[in-house]
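Please look at the aromatic side chains and the helix packing in the model shown here. The report below takes them in turn.

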Amino acid sequence: MFARGFKTWCENTAVGLRRQVGVAPEDPLEPAALAEHLDILVWAADAVPGADDETLRVLLHDDPSSWSAVTVHADGRSAIITNSAHSGGRPASNLMHELAHLVLGHEAARVDVSEDGHLMLHTFDRTQEDEANWLSGCLLLPRVALLHRKEQGWAVRRIARHFGVSEAMVRYRINVSGVEAQMSRRKKWTSRRR
């Protein structure tokens, strides 16, 4: 699925970017702070300069589930537009996913708006989406942070609140990062030594 070493690179990148922003490896990295560090503008859709009311109505009220965030490029600068209709842990995940595309140097997909105001994605690269999903998960919840919090006895709900993500995202990252397996092995080893 991924190129050899990609997952390790993502974990190292997540920790390295935290250091650059001034955040400890086991602490939350706010997507907005990372965007600022990378000199990327971030706008909620309803705050985009020049956005017309009809487009906003379609994007935020009529069809808010059709999109999460999009990156646009203008005058040599990138800007990420986020769906301000989303709530909970989703906005952080949406923004971090777009930031991951930029960190990875991915080519932007072409997006048009139909006459009735619906977004139409014309190109979609599954590999790029998978890579951005993996990196954004590492940026939000690096393995080192999950292991640290699990060692402290934190429950999934507490980790989710602390990192500003959904509980489903925490459970997913605990499983795919190997933290759950490591904690289980450690628990078995400790019980045998008693």
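This is a predicted model: local features need pLDDT of at least 70, side-chain atom pairs count only at pLDDT 80 or more; totals for chains, interfaces and linings use all residues.

Residues are numbered from 1 along each chain as its sequence is written, and side-chain values use heavy atoms, with hydrogens and water left out.

Ring pairs link Phe2, Phe6, Trp9 and Trp134 into a cluster; rings of Phe, Tyr and Trp (its six-membered ring) pair if their centres lie within 6.5 Å, and planes under 30 degrees apart count as stacked, over 60 as edge-to-face and the rest as tilted. Phe2 and Trp134 form a tilted pair, 5.7 Å centre to centre with 55° between the planes. Because Phe2 lies in the segment before helix 1 (6–21) and Trp134 in helix 5, this pair ties together parts 132 residues apart in sequence. The rings of Phe6 and Trp9 are stacked, since their centres are 6.2 Å apart and their planes at 25°.

Burial is tabulated with these cut-offs: buried is under 20% relative accessible area, exposed over 50%, and partly exposed in between (1.4 Å probe, protein chains only).

| Residue | Relative accessible area | Class |
|---|---|---|
| Phe2 | 18% | buried |
| Phe6 | 10% | buried |
| Trp9 | 38% | partly exposed |
| Trp134 | 10% | buried |

Lys7 lies over the face of Trp134, at 4.5 Å from the ring centre, and the charged end of Arg149 sits over the ring of Trp154, 4.5 Å from its centre; this requires NZ of Lys or CZ of Arg within 6 Å of the ring centre and within 35 degrees of the ring normal.

Key: Helices (H or I, at least four residues) and strands (E, at least two) are DSSP runs, numbered from the N terminus.
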